[in-house]
Amino acid sequence: MNVSVPRPYLPLSRFQQLRTRDLDQAREVVGDVFCPHRLTSLDGSRRFDTRFHAAAAGRVSLCYLDYGGRVHIAPEAQGTFYLVLIPLAGQAELGDGPLRAAYGPGAAGVPPVDRGYTIRVGAESPHLVVRIVREHLERHLRGMLGRRVAEPVRFDLGMDMAAPALRSWRRVLDLLLDEIEGGGRIPLHPLAMRDMERLLLTQLLLGQPHNYSALLHEPPRDAPPRAIRMAAELIEAHAAEELTVEDIADAVGVGVRALQAGFRRHLDSTPTRFLRETRLRRVRQELAAADPATTKVTDVAARWGFVHPGHFSVSYRRRYGEPPSATLRR
């Protein structure tokens, strides 16, 4: 009797970019996705066996990279993107000049964006790598602070994945990974993907120490009532569009944290909750006026930014005490 042996799980296996034992080919293909770098096998060709998978979702990319044996990597300055290096097994060390950060499962490395660095990767140390467009992350930070970001974000080299805020960040990352691997709708829907990106960046900026952390953790000042009124009117007028908290804050001339504090003070809500409630109300109005013979609940929900039918149905029932299909039939 033949017994099939289950294959080990390889993240993003549907998105394989490379499988090679050729060091030059690995350096070229991986460098095209990241940046030019020197790659040295510390075991010669004996254990070098590279797997590289990569998938993009919005302005965030997830990659799986395993060199098999021990390697030393010396990238040039990345310049246009930030990285988070998450080992799934084994050990690695990140170096920035005289600074060193050793990391393994339960930790991660965050290299500098504006200068060269080194990575020493142990044998059998596959990594999940998160690549974030620099302009996007810094614009998000600017919206959170409500002020200009004059210097690059310089994260601490080592990341403690056991910290509560970073556990939350990892859960969001795992959800995005599941959506990409499973062909979910979030990466395909611009509005849903922007919300996912915003949550991913917010959790990273709040959880991983960096040169703007002190400013981020200062108590925010409330936005004035006029700004909150303008924000509420903006949400009502553009609820069906790709609208984020950053968009709203920019439009009314305040920072994200000031906007959130103002919504809590003046409306006993948050911008995100206010937007969700507005969209639910618009869905209910449209369902109540629609012909059930020609209308699908999922189509109406998607028009108002609800791309996950299960989550939408739960939210709708919790808000109105009935499933959306009942509103449509009535």
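Contact here means heavy atoms within 4.5 Å. Good morning. The structure before us is a predicted model, in which local features need pLDDT of at least 70 and side-chain atom pairs count only at pLDDT 80 or more, while totals for chains, interfaces and linings use all residues. Residues are numbered from 1 along each chain as its sequence is written, and side-chain values use heavy atoms, with hydrogens and water left out.

I begin with helix 2. Helices (H or I, at least four residues) and strands (E, at least two) are DSSP runs, numbered from the N terminus. Among the buried residues of helix 2 are H136, L137 and E138; buried means under 20% relative accessible area, with a 1.4 Å probe and protein chains only. The buried residues of this helix pack against several elements, including strand 6 (81–87), strand 11 (127–133) and helix 4 (190–207). After helix 2 comes G146, with a positive phi near 75°.

I turn now to the aromatic rings. Rings of Phe, Tyr and Trp (its six-membered ring) pair if their centres lie within 6.5 Å; planes under 30 degrees apart count as stacked, over 60 as edge-to-face and the rest as tilted. The structure holds eight such pairs. One of them joins F34 and F52, tilted, at 6.0 Å centre to centre and 55° between the planes. This pair links distant parts of the chain, 18 residues apart: F34 lies in the loop between helix 1 (23–33) and strand 2 (37–41), and F52 in strand 3 (residues 50–57). F52 counts as buried because its relative accessibility is 0%.

Finally, F306, F312, Y316 and Y320 form one aromatic cluster.

Notes:
Buried < 20%, exposed > 50% of the residue type's maximum accessible area, 1.4 Å probe, protein only.
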